[in-house]
Each structure stands twice: as C-alpha cells, then as structure tokens.
Amino acid sequence: MIALLMRDLRLAVRAGGGFGLGLAFFLIVVTLVPFGVGPEGKILARIAPGILWVGALLACLLSLDRIFALDYEDGSLDLLVTAPVPLEGVVSIKALAHWITTGLPLVVAAPVFGILLHLPQGAHVWMVISLLLGTPALSVLGTFGAALTVGLKRGGLLLSLLVLPFYVPTLIFGAELVRRGAEGMDTETPLLMLAGITAATVALVPFASAAAIRVNLR
C-alpha cells in the first residue's frame with residue numbers, strides 16, 4: 001500500500017495534476033473576487049469564508065478525473081482489481097494521494113490567501129481546521145465519481161456534475177464553521193457535523209467506489 005501511495009504521488013506530480021494546479025486555480029478565484037464585488041474590506045471579510053471554501057472545492061475538482069484514468073489507460077487498474085489486496089484499500093490510498101497533492105496544499109495556503117479577502121484575524125485558525133476536516137471528504141467523494149466515470153471519454157464534465165451535489169453539505173458546514181469562529185459564536189455544531197460527514201464518507205464511500213470499478217471493468 002505504501003508503494004502504491006508513493007507511485008500515485010509521483011504520477012500526480014508528473015502528470016501536472018499535483019500541487020501547482022490546484023493552488024494556481026485557488027489563487028485565481030481569490031484574486032478575481034475583489035474585482036467582481038469591489039475592494040471594500042467589510043464586504044470581502046463577510047464573504048471570505050464562503051469564497052475560500054468554494055475556491056478550495058473547485059480546485060479539488062480539477063484533478064479528479066485523473067485518479068483512475070492513468071491506471072485505466074495503461075492497464076494497471078485491471079491488475080489492481082485482481083491483486084491480492086482489498087480494492088477498497090486501493091481506493092482509499094488513491095483518495096489519500098489526491099488529498100496530499102491537492103487538499104493539503106489548499107489547507108496550508110488558505111490562511112495566506114485569506115489575507116487577500118480581508119479574512120478576520122480570528123478566522124484563520126478556523127479556516128485551517130475546517131479545511132483540514134472537510135477536504136478529505138472531498139477527495140474520497142471524488143474517487144467515487146472517478147470510479148463511476150472511469151473509462152468514459154471526456155467524462156470530466158459528467159464527473160463534476162455527479163460529485164458536486166455530494167460536496168454541498170461539506171461546503172455548507174465548512175463555511176459556517178469559519179463564519180462562526182470569526183464572529184466568536186459557538187462552533188460546536190458545524191464542527192461536529194463536518195467531522196461526522198468526513199468520518200462517514202471515509203468509512204463508507206470506498207466500498208461504493210470499489211463496487212463501481214468492478215462494474216465498469218466487467
């Protein structure tokens with residue numbers, strides 16, 4: 001499993017779907033927002049949690065179609081399905097590799113990008129916590145969408161349409177956690193909901209993804 005993780009990390013970076021792509025898109029979203037809504041600090045501070053979360057969500061979508069595509073094209077996916085390791089474990093490792101190359105850089109960069117949107121000082125820690133809790137769910141749900149569309153030509157748009165509705169609860173509670181933290185309100189409810197969504201996703205979705213892969217490869 002460790003060898004598979006290292007292989008996927010190398011492939012993600014070499015294929016152009018690694019650290020730079022998601023960060024560049026995230027920065028573009030954060031930079032363009034002030035041009036659209038105006039430079040007034042109070043307005044930007046109010047919408048900053050939602051904008052940062054939407055940018056992170058869309059950045060995670062960019063490389064989802066590559067999770068299984070390269071393995072499918074070179075025949076490695078057939079070998080992984082028939083290998084003496086649980087396919088659910090393989091799916092989990094691929095989700096972890098996607099999170100390390102896409103989600104983790106967003107977690108690190110979010111406080112810095114938040115300065116561009118006048119994110120309140122007290123909200124930076126909550127921004128990191130919310131993304132750290134929520135982005136693993138985005139990666140795991142992304143593997144499910146990638147498993148459903150594996151083998152389809154130009155399935156990137158279909159993949160986005162399939163995955164986006166599942167992303168909405170994470171987006172809602174992630175942004176709400178940051179907003180409440182910035183205003184000094186109670187953060188227990190959105191924090192627990194976000195953690196619960198991620199825990200349930202990590203526990204259950206790999207089984208659905210593995211089943212979808214088996215169906216598509218028949």
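The legends below accompany close-up views of a predicted model.

**View 1. The largest nonpolar core and the residues with the most contacts inside it.** In this predicted model, the largest nonpolar core is made up of 51 residues, and those with the most contacts inside it are F26, L52, F68, M127 and Y167. Helix α6, which spans residues 87-116, supplies the largest share of this core, namely 11 residues. Y167, when its neighbours within four places in sequence are left aside, is in contact with L57, L61, L64, L138, L141 and G142.

View 2. Apart from neighbours within four places in sequence, the residues in contact with F68 are L77, V91, K94, T143, A146, A147, V150 and I213. F68 and G184 are 116 residues apart along the chain, and their C-alpha atoms are separated by 42 Å.

**View 3. The packing of α6 against α7.** The axes of α6 and helix α7, the latter covering residues 124-149, come within 8 Å and cross at roughly 150°; the two helices are therefore roughly antiparallel to each other, since angles over 145 degrees are counted in that way. The crossing in which α6 passes α7 is right-handed. On the α6 side the contact is made by V91, A95, H98, W99, G103, L106, V107, A110, P111, G114 and I115, while α7 contributes H124, M127, V128, L131, L132, T135, P136, S139, V140 and T143. Divided by class, the residues of this contact are 14 nonpolar, 7 polar and no charged.

**View 4. H118 in the loop between α6 and α7.** The loop that lies between α6 and α7 includes H118, a residue other than glycine whose phi has a positive value, near 60°. The relative accessibility of H118 is 42%, and this residue therefore counts as partly exposed, the class that lies between the limits of 20% and 50%.

**View 5. The packing of α7 against α8 and α9.** Helix α9, residues 188-216, packs with α7 at an angle of about 15°, their axes being 8 Å apart, and α7 and α9 are therefore roughly parallel to each other. The crossing of these two helices is left-handed, and their contact has 18 nonpolar, 8 polar and no charged residues. The axes of α7 and α8, in turn, come within 9 Å and cross at roughly 170°, which makes α7 roughly antiparallel to α8. In the contact of α7 with α8 there are 16 nonpolar, 8 polar and no charged residues.

**View 6. L171 in helix α8.** L171 has its place in helix α8, which extends over residues 156-183. The relative accessible area of L171 is 22%, and L171 is therefore partly exposed, given that buried residues must fall under 20%. When residues up to four places away in sequence are not counted, L171 touches W53, V54 and L57. The C-alpha atoms of L171 and A3 are 32 Å apart in space, the two residues being 168 residues apart in sequence.

Note on methods
Residues are numbered from 1 along each chain as its sequence is written. This is a predicted model: local features need pLDDT of at least 70, side-chain atom pairs count only at pLDDT 80 or more; totals for chains, interfaces and linings use all residues. Side-chain values use heavy atoms; hydrogens and water are left out. A nonpolar core is a set of buried Ala, Val, Leu, Ile, Met, Phe, Trp, Tyr and Cys residues joined through side-chain atoms within 4.5 Å. Buried means under 20% relative accessible area, exposed over 50%, partly exposed in between (1.4 Å probe, protein chains only). Helices (H or I, at least four residues) and strands (E, at least two) are DSSP runs, numbered from the N terminus. Contact means heavy atoms within 4.5 Å. Axes are lines fitted to C-alpha atoms, for helices over the stretch in contact, and angles run from 0 to 180 degrees between N-to-C directions. Angles under 35 degrees count as roughly parallel, over 145 as roughly antiparallel, 65 to 115 as roughly perpendicular and the rest as oblique. A crossing is left-handed if the near helix is turned anticlockwise from the far one by less than a right angle, and right-handed if clockwise. Ala, Val, Leu, Ile, Met, Phe, Trp, Tyr, Cys and Pro count as nonpolar, Asp, Glu, Lys and Arg as charged, and the others, Gly among them, as polar.
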